[in-house]
Amino acid sequence: MHAAPPTSQESPRDSASVVLLQDGAAGMQVLLLRRHAKASNMAGIYVFPGGKLEREDHFADGSTHLDQPLSTLAQQLSEDGTTPATAAALYVAALREALEECGLLLAEPQTADRVLDASDARKRLRGGQAFTNMLETLALRLQTRALRPWSRWITPVAPSMSTRRFDTRFFVARAPAGQVARHDDEETVDTLWIAPRTALEQYRDGAIDLAPPQIMSLAHLARYASVEQVLEAASCRRPPTILPQAFDDGETRVICYPGDARHAVRERALPGPTCLQYRERRFFPEKGFDALFD
């Protein structure tokens with residue numbers, strides 16, 4: 001076995017993703033969106049809503065459109081070297097992407113005479129109105145308090161599914177009550193509310209496609225019975241940083257995570273397996289599917 005040769009020279013792009021959760025009759029569910037088959041990145045894959053940081057995600061400190069100051073958001077994100085401005089922008093990006101990709105608006109009216117209308121807000125964005133202008137027009141304040149930092153995933157220098165690299169902060173949040181998630185039929189073409197373990201079983205059976213960060217994140221979430229348990233867990237720990245390291249064992253690609261004997265970082269970052277093998281166009285633990293939940 002030897003380290004996989006680097007296939008991407010680009011620096012990871014800052015990005016944000018939000019793992020939206022709801023409690024159902026049969027247990028907790030997570031929202032997955034299917035990327036368009038012709039998408040430039042992760043085509044056809046089921047993902048959490050998210051995307052790269054945009055210039056419009058940067059708000060001034062004390063902005064009337066944020067419910068917490070930049071310094072508080074930086075403290076919650078707990079990343080050495082990340083400025084308060086960038087930390088806040090990551091929260092904003094996650095909230096913006098939730099609205100753009102699935103139509104869920106985590107915000108509140110600034111005045112009592114305003115009514116929150118997620119459909120109108122999304123329609124304005126699709127019509128070309130800038131995100132900040134939409135917030136100003138509708139007098140909305142973003143609910144950054146609804147987001148809890150969960151993990152940080154950095155694409156390895158030898159990506160297995162794409163040549164592009166991202167530095168993605170995953171947030172968890174309860175889906176807003178009274179709103180309906182809908183894909184946009186442009187970047188995303190299917191909306192799926194599903195139990196984390198069921199999603200992994202469908203992936204195992206070939207019914208859906210997932211990328212390793214989603215696989216490992218779903219396996220982690222499968223250990224919780226409710227949204228409140230996830231949010232409480234997120235509040236009690238620092239989000240782990242996962243920079244996978246890829247190795248080639250003959251024709252088999254092995255993706256190792258912190259805590260694996262082959263990874264440079266020996267401290268475990270996540271529960272479950274410390275590596276996945278890529279075989280038959282599927283990523284699985286060396287000891288089989290059930291090892292995801294050990």
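## The open sheet

Five strands line up here as an open sheet, in the order β1-β12-β13-β14-β15, with antiparallel pairing. Strands, by the way, are DSSP runs of E with at least two residues, while helices are runs of H or I with at least four residues, and both are numbered from the N terminus. Two strands count as paired if DSSP finds at least two bridges between them. The edges belong to β1 (2-3) and β15 (282-284); each has a single partner strand, so one side of each is left without a neighbour in the sheet.

Further in, β12 (residues 245-249) and β13 (residues 252-256) run antiparallel and are joined by 5 bridges.

## A word on the model

This is a predicted model, so local features need pLDDT of at least 70 and side-chain atom pairs count only at pLDDT 80 or more, whereas totals for chains, interfaces and linings use all residues. Residues are numbered from 1 along each chain as its sequence is written, and side-chain values use heavy atoms, with hydrogens and water left out.

Now for β8 (residues 148-154): 6 of its 7 residues are buried, so the strand is largely enclosed by the rest of the structure. Buried means under 20% relative accessible area, against over 50% for exposed and partly exposed in between (1.4 Å probe, protein chains only).

β8 pairs with β9 (residues 166-174) in the antiparallel sense, through 6 bridges, and P149 has F171 of β9 as its bridge partner. With β11 (residues 241-242), β8 pairs in the parallel sense over 2 bridges; there, W153 stands opposite I242.

## D67 in its loop

D67 sits in the loop between β5 (50-52) and α1 (70-77). With 13% relative accessibility, D67 counts as buried. Setting aside neighbours within four places in sequence, D67 is in contact (heavy atoms within 4.5 Å) with E108, R141, L142, Q143, T144 and R145.

## Where α2 crosses α3

The axes of α2 (residues 84-102) and α3 (residues 118-126) come within 9 Å and cross at roughly 90 degrees. Axes here are lines fitted to C-alpha atoms, for helices over the stretch in contact, with angles running from 0 to 180 degrees between N-to-C directions. The two helices, α2 and α3, are therefore roughly perpendicular to each other, a label that covers 65 to 115 degrees.

On the α2 side, the contact is made by L99, E100, E101 and C102, and on the α3 side by A118, A121, R122 and L125. These residues divide into 5 nonpolar, no polar and 3 charged. Nonpolar covers Ala, Val, Leu, Ile, Met, Phe, Trp, Tyr, Cys and Pro; charged covers Asp, Glu, Lys and Arg; the others, Gly among them, are polar.

Conventions: Angles under 35 degrees count as roughly parallel, over 145 as roughly antiparallel, 65 to 115 as roughly perpendicular and the rest as oblique.
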